[in-house]
Amino acid sequence: MQPKSNIVHLPVYQPGKPVEDVKRELGLTEIIKLASNENPFGCSEHAKAAIMEELVNLNIYPDGASIELTAALAAKLGVETNQLIFGTGSSEIILMVARAFLVPGDETIMADETFPQYKHNAEIENARVIEVPLKDGKHDLPAMLAKVNNRTKIIWICNPNNPTGTIVSIPELTEFLKQVPSHVLVVLDEAYGEYIEDPDYPDGVQLLREFRNLIVLRTFSKIYGLASLRIGYGIGHADVIRFTNQVREPFNTTRAAQAAAKAAIADHAFITYCREQNKQGIAYLSGQFDRLGLTYFPAYGNFMMFDAKRPSPEVFDALLRRGIISRSRWTYYPNHIRITVGTQQQNEQFIAALEQVLQEETVQG
Ligand SMILES: Cc1ncc(COP(=O)(O)O)c(C=O)c1O
């Protein structure tokens, strides 16, 4: 057997330990998972009801073209139906874009610390990955632009960036897009976009009118709270969407996911509630980090990245022993921890645990 040589070195994705395993191993009764930027407030009750209605159709294949959901979302976003594509999470859109656009030897540009699936999928296609250092945790758009040449096929911009949480602003992104040659596709990942009300934050859909070489990615996994259903989407020029659709599996998204997503976009009250709670959570956590003398990147999504001032795997383990699952081991931020903004109670428990960890180490040190 001979697999593609370029995949041999790729790591198999290691999911976090199941909460039940962590409880048993550490003898804890309660675990708070703040590791995957899920929605701590669940999902819309309307989405749950829509799934229940689908139970009678479990034996029927889904609508491969997601016609009803496409129509509802196109109306909400003010785009044409041929400008939308759905995937099993926006992760699958990333996979499909890489599959549709990259051939071996192509170059693709991304930040050095960003959502890992861009690099992973580019490597599967045997493209050459050009990583550009973040500047103060932010995409360095001029430096990324300077890497463009005639082999460049895709530039990936994660806005807000996972894991740092920073954003690029409307003027920064617009200036950048104006200078990107038309043969280069820009992927703008807005997985956390619905959380943001800052007037400086660009709405990728508005930019599509001016820039045809752009695809915007969004997901139902974050503010909509439907991560387990695996559904996300891409919005782009009809040509970009058509090429991406050509590599899509016929029945990729499920009936339950399509129905829940359609119900979820109509439940404005749930989204407003989650956005407000998240804003309060960021304010609370920022205040607590300030009190503890810890610096952090400005947060826009439903997660925050702070400098623990000691090796992050140690802090991760110490938090885990206190029942908090966080995220550590960043290549370029060895002392930083990323945590999801939880409910107020979860945030308070996290801060109490963090304070103990920091004090314990001070005493020992
Ligand atoms: C920036 C970013 N993009 C995309 C995704 C993928 O989400 P999903 O595949 O659940 O839509 C995530 C998930 O954490 C993310 O953080």
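This is a predicted model: local features need pLDDT of at least 70, side-chain atom pairs count only at pLDDT 80 or more; totals for chains, interfaces and linings use all residues.
Residues are numbered from 1 along each chain as its sequence is written, and side-chain values use heavy atoms, with hydrogens and water left out.

Let me begin with the second largest pocket. Its lining takes four residues from α11, the helix that gives the most, and α3 (67-77), α8 (204-207), α10 (255-266) and α11 (268-291) each supply at least two. A pocket here, on a 1 Å grid over the protein atoms alone, is an open set of points where a 1.4 Å probe fits, with protein on both sides within 12 Å along at least five of seven lines, and lining residues have an atom within 4 Å of a point. There are 20 lining residues, and Lys76, Glu194, Arg218, Tyr224 and Arg275 lie nearest the centre of the pocket. By class, the lining has nine nonpolar, four polar and seven charged residues, where Asp, Glu, Lys and Arg count as charged, Ala, Val, Leu, Ile, Met, Phe, Trp, Tyr, Cys and Pro as nonpolar, and the others, Gly among them, as polar.

Now to the ligand. Which residues come nearest to it? They are Ser90, Ser91, Asp189, Thr219 and Ser221, out of 13 residues around the ligand, a residue being near if one of its heavy atoms lies within 4 Å. This shell divides into four nonpolar, six polar and three charged residues. Polar side-chain atoms of Ser91 and of Thr219 each lie 2.5 Å from an oxygen atom of the ligand, and a polar side-chain atom of Asn162 lies 2.7 Å from a ligand oxygen atom. The protein covers 92% of the 390 Å² of accessible area that the ligand has on its own, by the Shrake-Rupley method with a 1.4 Å probe.

Asn162 also brings me to the backbone. A cis peptide bond joins Asn162 and Pro163, with omega about 20°, and another cis bond joins Asn159 and Pro160, with omega about 0°. Pro160 sits in the loop between β5 (152-158) and α7 (170-179), and Pro163 is likewise found in the loop between β5 and α7. Most peptide bonds are trans, and most residues other than glycine have a negative phi. Asn37, in the loop between β1 (32-33) and α2 (45-54), has a positive phi of about 55° although it is not a glycine.

Conventions. A polar contact is a pair of N or O atoms within 3.5 Å; within protein, one must be able to donate a hydrogen and the other to accept it, and residues adjacent in sequence count only if both atoms are side-chain atoms.
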